[in-house]
Amino acid sequence: MSSLGGMPSALDLTPELRRVVSASVTLGAVVGVFGIVFGVGAVSAGGSVLQACVMSLLVFTGASQFTAVSVIDGGGTTGAAISSAMLLAARNGVYGLTMARHLDGSLARRLIAAQLTIDESTAMATAQTDRRERATAFWITGLSVYVFWNLGTLIGAIAGSSIDPETFGLDAAFPAGFVAMVAPHFSTRNGRLAGVLGGVICLVTIPFVPIGMSILCAGVAVLVGVRRP
Amino acid sequence: MNEISWTLVLVLAAGAYTCKVLGLVLIGARTLPKVVDRCLILIPAALITALIVKDTFSVGQDLVLDARALGVGAATFAAWRRAPLVLVIVIGAAVTAAVRAIS
């Protein structure tokens, strides 16, 4: 292992590691497209270009950011936006529990790794078979998603200020992006049950609870997990 | 009409980072009860599906059926046929825009 504690130097890439690096960078580039959609959405929900960019730099967890923007855009309060977004952000803590077993290094390194602990980096890391590949996949995916997500946000926020999102159907780009995002979670029986139940709960609560809180209500559906898969 | 505020941006930034640090650095490799693990892992399925429903079928507190339903329906079909992510988004937006343009 290199002195960087799992981060490979450019000189000692085996073909296997090269494959991991290229898959990780590709994933980052794809996420950049999501970043553009987020940037457009954030400014159309009344955010400034700076707010959109600071959000992507500091919050850096896509689904939570989309949730916050979608709740505000739908007329929900800041409180409703924060609570729904935080519920989704909580899963990064769960990913952290998993990644803690695979990453080592100083406290400072782990504090940086924490910011990069998201869906993509965790998924890419846990898909690898040995410790070094896992660390490489985690760091390269995390860093490339970070770069592309923020670049995408900037481009989207600037472009979004000058176009009408509805003319281009960009309001539907949000839920369409969510569809692509949720698809892997429907691969298990419990995932499908929780998804369908969450959708139904949301639909029936929308007319009766404050805007955005229907998302929080749907959180009850995770209790499907009490039963063994 | 509510807008994105600095309060939202900064509270969310602090909260999201706290979750990440809690998991990776503070709790670390300690394990949670299996049943808690099984429930937490279902959060994205439940909440993201709820977001799809909300963004497709509602305006504020009203349930509506409009161009978005067809767009998101087309995107769902594309995702089910394992279309790449970018294509799923483009199909969703393009179908919605097209339905709006002709109706």
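1. Let's start with the domains of chain A in this predicted model. The C-alpha centres of domain 1 of chain A and domain 2 of chain A lie 23 Å apart. Domain 1 covers residues 17–169 and domain 2 covers 188–229. Where they touch, domain 1 of chain A puts in 11 residues and domain 2 of chain A puts in seven.

2. Staying on the domain 1 side of that contact, helix 3 (62–73) and helix 4 of chain A are the elements that give two or more residues. Helix 4 of chain A has the largest share, with five residues. By residue type, this side of domain 1 splits into four nonpolar, seven polar and no charged.

3. Next, the contact between the chains. Chain A brings 91 residues to it and chain B brings 68. On the chain B side, two or more residues come from each of helix 1 (6–27), helix 2 (34–40), helix 3 (43–57), helix 4 (67–80) and helix 5 (85–102) of chain B. The chain B side as a whole divides into 46 nonpolar, 15 polar and seven charged residues.

4. Helix 1 of chain A packs on helix 5 of chain B with the axes 9 Å apart, at an angle of about 25 degrees. Angles under 35 degrees count as roughly parallel, so helix 1 of chain A is roughly parallel to helix 5 of chain B. Helix 1 of chain A makes this contact through V30(A), V33(A) and V37(A), and helix 5 of chain B through L85(B), V86(B) and I89(B). The tally for this pair is six nonpolar, no polar and no charged.

5. V30(A) also leads us to W149(A): their C-alpha atoms are 9.0 Å apart, although 119 residues separate the two along the chain. W149(A) sits in helix 7 (residues 131–160) of chain A. W149(A) counts as buried because 27 other C-beta atoms lie within 10 Å, and the cut-off is 20 or more. Leaving aside residues up to four places away in sequence, W149(A) touches V31(A), G32(A), G35(A), S56(A) and G62(A).

6. Last, helix 6 (residues 119–126) of chain A. This helix is mostly covered, with six of its eight residues buried: D119(A), E120(A), S121(A), T122(A), M124(A) and A125(A). The cover over those buried residues includes helix 1 (15–44), helix 4 (78–100) and helix 7 of chain A.

Terms used. Residues are numbered from 1 along each chain as its sequence is written. Chains are lettered from A and ligands numbered from 1 in the order in which they are written. This is a predicted model: local features need pLDDT of at least 70, side-chain atom pairs count only at pLDDT 80 or more; totals for chains, interfaces and linings use all residues. Helices (H or I, at least four residues) and strands (E, at least two) are DSSP runs, numbered from the N terminus. A residue is buried if 20 or more other C-beta atoms lie within 10 Å of its own, exposed if 12 or fewer, and partly exposed in between; C-beta atoms are placed from the backbone. Two residues are in contact if their C-beta atoms, placed from the backbone, lie within 7 Å. Ala, Val, Leu, Ile, Met, Phe, Trp, Tyr, Cys and Pro count as nonpolar, Asp, Glu, Lys and Arg as charged, and the others, Gly among them, as polar. Axes are lines fitted to C-alpha atoms, for helices over the stretch in contact, and angles run from 0 to 180 degrees between N-to-C directions. Angles under 35 degrees count as roughly parallel, over 145 as roughly antiparallel, 65 to 115 as roughly perpendicular and the rest as oblique. Domain bounds come from an automatic or database domain assignment.
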